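Please open the model in your viewer and keep the selection panel at hand. The stops below go from one region to the next, each with something to select and something to look for.

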Amino acid sequence: MEDLPKGLASSGAVKIEKRLKSISGGRVLDVATGEGGFIDTLMKTLRDYDSFVGIDNSKKEAEFAKKRFKGHPVEIIHMNAEALEFGNDIFDTVCISFSLHHLDKIDKVLSEMKHVLRPRGHFIVQEMFCDGEQNKAQKTDMLQHHWDAEIDSLFSVVHNKTLTKQKIEDIVNKLKLKEVEIFESTHYVKCLFCEDKFECEDPKSKQIIKQATKEIDDALDRLRKYPDSKVRARLEEEGKKLRERVKKFGSAPASYLFCIGKK
Ligand SMILES: C[S@@+](CC[C@H](N)C(=O)[O-])C[C@H]1O[C@@H](n2cnc3c(N)ncnc32)[C@H](O)[C@@H]1O
């Protein structure tokens, strides 16, 4: 652990990794898998697993993930999480990572996930939050996320603001899982495998500023197509301020909750 940067070593990521290493995943379902980032993390951390199924309702994301895991025991399916096309009790582990705020019907999706999970199987939720003690670089990320979500919403893409810690806990509690454990972390588990570990070290590094600025510019590009010039002008102005904030304070991922329970 000595070779880890200080922030990463003291973050919850180490504890979460340790907990994941104690779990036999069996047949794992990753809902709203996107590019499959969480599947990759679980492959590196679970004690063992049989196979993964990742589902996403975006064809583009599903196609990307399909190519990414070619040759691995991973099946990626284009599917709406609001109506999972699987039998009851067939997965040993179900998970959803950084996607609650992208869902139109959170409770419906989570209840579908619970149906397909076998009794005593693991239910894993990880989601970033907007409150608590976050430093200025994390606040930049959160403000950028809220701004980006507003732009997506203008184009009818479901993208809500980052949830509060309490809201995430309430959502998980509603599932009535057993033996629920909640971890909190400033750093992703995947940072533990990042070769240069840049993500967690310097929020004002060239790479991070370049990446955050690119994301803002991409969102500004999308915004150009919005017809209401008043709304556009307001969001463009906010985008400019965000760019300045990134330069001044840097950017770092918002802290997140990692919840594990059993059905
Ligand atoms: C932030 S991304 C996923 C991140 C990924 N899970 C990870 O941890 O790297 C959110 C994803 O949710 C997907 N999504 C939103 N609503 C969905 C639904 N109803 N069914 C399936 N996927 C959905 C989007 O297409 C998008 O790929």
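Axes here are lines fitted to C-alpha atoms, for helices over the stretch in contact, and angles run from 0 to 180 degrees between N-to-C directions. What you see is a predicted model, in which local features need pLDDT of at least 70 and side-chain atom pairs count only at pLDDT 80 or more, while totals for chains, interfaces and linings use all residues. Residues are numbered from 1 along each chain as its sequence is written, and side-chain values use heavy atoms, with hydrogens and water left out.

Begin by selecting helix 9 (residues 206-223) and helix 10 (residues 229-249), whose axes come within 10 Å and cross at roughly 175 degrees; helices (H or I, at least four residues) and strands (E, at least two) are DSSP runs, numbered from the N terminus. Helix 9 and helix 10 are therefore roughly antiparallel to each other, a term used for angles over 145 degrees. The residues of the contact divide into 8 nonpolar, 2 polar and 5 charged, where Ala, Val, Leu, Ile, Met, Phe, Trp, Tyr, Cys and Pro count as nonpolar, Asp, Glu, Lys and Arg as charged, and the others, Gly among them, as polar.

Next, colour the open sheet of 7 strands, which has the order 3-2-1-4-5-7-6 with mixed pairing; two strands pair if DSSP finds at least two bridges between them. At its edges are strand 3 (74-78) and strand 6 (178-185), each of which pairs on one side only. Strand 5 (residues 117-128) and strand 7 (residues 256-262) pair in the antiparallel sense over 7 bridges, and His122 stands opposite Lys262 in strand 7.

Two backbone positions deserve a selection of their own. Most residues other than glycine have a negative phi. Ala32, in the loop between strand 1 (27-31) and helix 3 (37-45), has a positive phi near 55 degrees, and Glu179, which lies in strand 6, has a positive phi near 50 degrees.

Technical notes: Angles under 35 degrees count as roughly parallel, over 145 as roughly antiparallel, 65 to 115 as roughly perpendicular and the rest as oblique.
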